[in-house]
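Here are a few numbered remarks to accompany your first look through this structure. Please read them with the sequence and the view side by side.

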Amino acid sequence: MTPPTTTLAQQAQAWIRDDVDAESQSEMRDLLARADTDPEAYAELADRFSSRLEFGTAGLRGAMGAGPNRMNRAVVIQAAKGLVDYLSSRVDRPVVVIGNDARHQSRRFALDTAGVVTAHGGDAVLLPDPVPTPVLAYAVRRLGADAGVMVTASHNPAADNGYKVYVGGRMVPDEQRGVQIVPPHDTGIQELIAAAGPANQIRRDQGWTDVSPDLVEAYLDAISASTDPEQCAGAPIRIVHTALHGVGGRPAMAALARAGFTDVWPVAAQVAPDPDFPTVAFPNPEEPGAIDLAIQEAVRADADVVIANDPDADRCAVAVPDPRTGWRMLHGDELGAVLAEDLGPTGSGVFVNSVVSSRQLAVIAAHHGRGYVRTLTGFKWMGRVENLGFAYEEAIGYCVRPDLVRDKDGLSTAVAVARLVSRLKAEGLSICDRLDDLARRHGLYLSSQVSVRVTDQTRIAAIMTRLRTSSIESLAGSAVTDTVDLSLGWGSLPPTDGIVVTTARDDRVIIRPSGTEPKVKCYLEVIEPVSPDASYDSLTASRAAARRRLDQIASDLDAVVFS
């Protein structure tokens, strides 16, 4: 075993010298000592200094641990210094509101951020511990803050944490307050993070403002209040809710109760915040098995709907009893379609979804005479659209109250879903019936996603390069008629890393690297023609045919993309 090189050992020693956290220093000393004889420790040490966590439009996100390529107090302190310096170069005495979820170290990271902002010419405003991410986005708008920081890794594994940044106040036009950063803010902040200096030389002072819990109560009141009295008319329903060990349990119950839904059964094993997420492999409602306990509870309770929030409660998943299949979770595009159809006749503003989401939203918008805009992936883009009325992304993110939160909000979505299920039940209908009606009107849109998680990040770039140099010829027996390289831009969309493939049957696949996880994702969509008067049995057959085609496309992609 070759001992660490002089350079690597020097980097580790410098990290220990400049760190601010005794546990982190001890962890690095132990890793450095073991690296002399332990190949795994050597590889781990090398990885921790292979790069620095990059501050991009998703902020920071990564595994916790000592070193520049991990989430830790030193990295957070330097990030906070870069952020406050960037803000101070544009506005006088910037106001920064800071929140955190219940993950390991989240409150410590939030306190460090507040201390740095306070010590370097800003006014730090600290939210209660812990809060859902949409509360932070709401607070940026309500408090008129110039920026917001949310310490969260959303639905990532328990070992991760992250640092999301929002802009507001004097930094952006009023309509864009409380939206996540986009270029050039991210690169400007990153440059100043690099110039921040050693963490133990960055001052942190007391003197920030602690926000009263009344702000959280104001948010809950606002999202549970209806903008349309007709939304409140409906039948009693029984809801099963899971917070997946995150921070959404109590807020979701409170918001639903204020909206009139008191027959709510929380999944007891998952209702309290627990940063270890003991009952799930991955705390993401989209992952197989994540909502199994909620489905079991729904069967016992004879519930009408299951509502699941991810750990920071900015996403919302819904499961319903389907007469064809039994209980199943709706795909993000399905819930997006029924919410859009519900909002279409009465609301105002344009409908927005991301390029990887279903094309059906554009058709629904046109049917209701609403404008439609397609953006790059992420609410950082969708939230900036003028006259925004409703936005969603297939990864179970929905913005149903852009007047309050210009970002995805799993709690206001939970209230909207409860109201929709209640009104449909009063008419003797269900969400599955609504999906059938949309298929009769517009054709059956069915979407899915396949992905591969990698341990070697270079494999992602290799996959994308191969797709650009050797095109896909057919999918599910249908010839590919169009291939678009998104890195060259597409229509009004700016360049991004991705490939769009369309077949003669108008089936579509978009392949792109994940923005938050070490994955390559493929977004699949097929459109099956349906007669306007199609019977239930005919629709069932159409769904089965569309599902078979989706499965075949997934199999074909596995051979040409991931092999």
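**Notes on rings and a helix**

1. A search of the whole structure, which is a predicted model, finds 4 aromatic pairs. One of the pairs joins Phe351 and Phe390 in an edge-to-face arrangement, with 5.7 Å from centre to centre and 80° between the planes. Because Phe351 belongs to strand S13 (residues 350–354) and Phe390 to strand S15 (residues 388–393), this pair ties together parts that are 39 residues apart in sequence.

2. Phe351 counts as buried, since its relative accessibility is 0%, and Phe390 likewise counts as buried at 0% relative accessibility. The ring of Phe390 also pairs with that of Tyr392, and here the centres are 6.2 Å apart and the planes at 25°, so the pair is stacked. Tyr392 is buried, as is Phe390.

3. Taken together, ring pairs link Phe351, Phe390, Tyr392 and Tyr398 into a cluster.

4. A ring also takes part in another kind of arrangement: the charged end of Arg374 sits over the ring of Trp490, at 4.2 Å from its centre.

5. Turning to helix H3 (residues 39–48), Ala41, Leu45 and Arg48 are buried there. These residues cover an arc of only 65° around the axis, which puts them on the same side of H3. Pro39 and Glu40, on the other side of H3, are exposed.

6. Helix H1 (6–18) and helix H2 (22–34) are included in what covers the buried residues of H3. The N-terminal end of H3 is capped by Asp38, which has a side-chain oxygen 2.9 Å from the backbone nitrogen of Glu40.

Key:
Residues are numbered from 1 along each chain as its sequence is written. This is a predicted model: local features need pLDDT of at least 70, side-chain atom pairs count only at pLDDT 80 or more; totals for chains, interfaces and linings use all residues. Side-chain values use heavy atoms; hydrogens and water are left out. Buried means under 20% relative accessible area, exposed over 50%, partly exposed in between (1.4 Å probe, protein chains only). Helices (H or I, at least four residues) and strands (E, at least two) are DSSP runs, numbered from the N terminus. The arc is that of the directions from the helix axis to the C-beta atoms. Contact means heavy atoms within 4.5 Å. A polar contact is a pair of N or O atoms within 3.5 Å; within protein, one must be able to donate a hydrogen and the other to accept it, and residues adjacent in sequence count only if both atoms are side-chain atoms. Rings of Phe, Tyr and Trp (its six-membered ring) pair if their centres lie within 6.5 Å; planes under 30 degrees apart count as stacked, over 60 as edge-to-face and the rest as tilted. A charge sits over a ring if NZ of Lys or CZ of Arg is within 6 Å of the ring centre and within 35 degrees of the ring normal.
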